[in-house]
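Here are my notes for a colleague opening this model for the first time. Please keep the structure in view while reading the points.

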Amino acid sequence: MLYTPELFEPLTDEPWDEAGGRRRIAEIVADTGRSLRGPKLMWKADAWDGWHGTSPMKNLYVGAAGVLWGLDRLRSRGYETELDLGGLALQTLELFRARPDYMKGMKLPEQRDSSLACGLAGIVFVAWRLAPAPELADELHDLVRANVDNEVEEVMWGAPGTLLIADAMLESTGEARWRDARDETASALLSRRDADGFWVQRMYGQEFRGLQPWHGLVGNVAALRLVDEKSSAVLERTAVIEDGLANWPYRDRPQLASPDGLIRLQFCCGAPGIVALASDYLDEHLLLAGAELAWKAGPPGMEKGPCLCHGTAGTGYAFLKRFLRTGDEHWLERARRFAVHALDQIERRGHGRYSLFTGDIGVALFAADCLDARAEIPVFDVL
C-alpha cells in the first residue's frame, strides 16, 4: 500500500468559483488582522505550533514572522491589511530576542540562531523585508556566514535555508557581499554532498539521509537552484511504485511506513512534496505517478487540515507544479478543487490558526496561486 487511506477524506463537490475564492482570501486576511492580540501578545499559537515553545510564537515557520511575511505577500497581490506590518515585524524581532521560542527538550543545532524557519535569521529577514534598515542587513549577513558549516544539512535549520536568504538578499539589493555569501554557502553545501547524491542529516539527535523538502534532498536542491541528473537518479531509485502510482519514503530506505506504522502522503513527507519541488527535473513518468497518487488519495482529513506543511494546500501545490510543467489545464483544475476544499476545511474548523505553514495564511497564498495559475511555494520558491 502506498498511503494510509484513513488519513484522507472525500474531495468536496463544490465547484471552483473565482469570486468566491477572492472573497475567502480577503476574509482570512481580515480575520488575521482582527485576531492580533497586541504588539506583545501577537497571535495565539495552536497547541501543535507551540509544542515545547514559548508563547507567543515568533518564528517564520509557525510564528508571527511567517504570518507577517504572508500578509505582505497577499498585500502585494491586492489583499489589503490595516496592520502595520513593518512595525509588527520589528516588535516580533524584539520579542524573540527577549524570549526565543526554540523547542525545549530537543537536541537542536549549536548554531540555532541562523535557522531560517525556526530561529533568529528568519525573523531578522522578515523584519528587513518589511522595515529595511542597514543594521538588520548587517546582522542577517553575519547569521548567514555563521551557518555555512552547520552540520544540519537541510532548509529548516541548516545552510540550505540561509542560502535561500542570501539569494533573496542578492536579488533585492544587488550587493556583492550577498553574492559572495551565496556562493560560499552553495560551494560548501555541494562539497558535503555524497557521491550518490544525498546529504547526511545530523539533527534532533539522529543521523539519516533524507529525501523531503524540509529535511532532505529535494529541499537542498531547490535551495541550490539545481536541475541535475544526480537528483533525478536518486528519486528514480527510491520511488516505491505500485500500479503506475508512486510515493517516496521520508528517508533513504525501502519501506514507506514511519515508525508509527503510517505512510505519509503530504508536502513535508511523501509524493506531493517530491513532485512540487522536483518538478523541473523529475522524470515524467514519476512526476505523473506521484501526482496521480495524491489525486487518488484525496485531501488530507481534518487531523492534518487545510495547511501547507502537511495538509490539503501543500498537496495542491503538486498539481500546480504539474500544470506548469505540462501546460495541461486538467491539473490546474485539480489544484483549484483542492483550494476549494482547503478553504472549506477552514470554515469547518473555524478561523483561528495563525501561521504560515500550518495555518490559514498559507492556505490563502495557495488559493491566490490557483487564481493566478502560478506556483510560488513560500520559502522554497519565493522568500
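1. Start with a helix pair. This is a predicted model. Helix 11, residues 284–297, packs against helix 13 at an angle of about 35°. Their axes lie 12 Å apart. The crossing of helix 11 past helix 13 is left-handed.

2. Which residues make the contact between helix 11 and helix 13? Helix 11 supplies Leu-288, Ala-291, Glu-292, Ala-294 and Trp-295. Helix 13 supplies Trp-331, Arg-334, Arg-337 and Phe-338. Six residues of this contact are nonpolar and three are charged. No polar residues take part in the contact of helix 11 with helix 13.

3. Helix 13 covers 329–349 and helix 14 covers 360–372. Ser-355 sits in the loop between them. Is Ser-355 buried or exposed? The relative accessible area of Ser-355 is 0%, so Ser-355 is buried.

4. Look at the polar partners of Ser-355. Its side chain makes a polar contact of 2.5 Å with the side chain of Thr-358. A polar atom of the Ser-355 side chain also lies 2.9 Å from the backbone nitrogen of Gly-359.

5. Leaving aside residues up to four places away in sequence, Ser-355 touches Asp-49, Tyr-61, Val-62 and Val-67, among others. Asp-360, Ile-361 and Gly-362 are also on that list.

6. Asp-228 lies between helix 8 (217–224) and helix 9 (229–238). Asp-228 counts as buried because its relative accessible area is 18%, under the 20% cut-off. Its side chain makes a polar contact of 2.5 Å with the side chain of Ser-231.

7. Where does Asp-228 reach along the chain? Asp-228 touches Arg-193, Val-221 and Tyr-281, not counting residues up to four places away in sequence. Asp-228 and Asp-280 are 52 residues apart along the chain, and their C-alpha atoms are separated by 9.4 Å.

8. Check the cysteines. How many disulfides are there? The count is zero. For Cys-118, the nearest cysteine sulfur belongs to Cys-309 and is 10 Å away. Cys-118 is buried, at 9% relative accessibility.

9. A disulfide would need the sulfur atoms within 2.5 Å. Cys-307 is buried as well, with 2% relative accessibility.

Terms used
Residues numbered from 1 in each chain as written. Predicted model: local features only at pLDDT ≥ 70, side-chain atom pairs only at ≥ 80, totals over all residues. Heavy atoms only, no water. Helix = DSSP H or I, 4+ residues; strand = E, 2+ residues; numbered from the N terminus. Buried < 20%, exposed > 50% of the residue type's maximum accessible area, 1.4 Å probe, protein only. Polar contact = N/O pair within 3.5 Å; in protein donor to acceptor, adjacent residues only side chain to side chain. Contact = heavy atoms within 4.5 Å. Axes fitted to C-alpha atoms, helices over the stretch in contact; angles between N-to-C directions. Left-handed = near helix turned anticlockwise from the far one by under 90°. Nonpolar A, V, L, I, M, F, W, Y, C, P; charged D, E, K, R; others polar.
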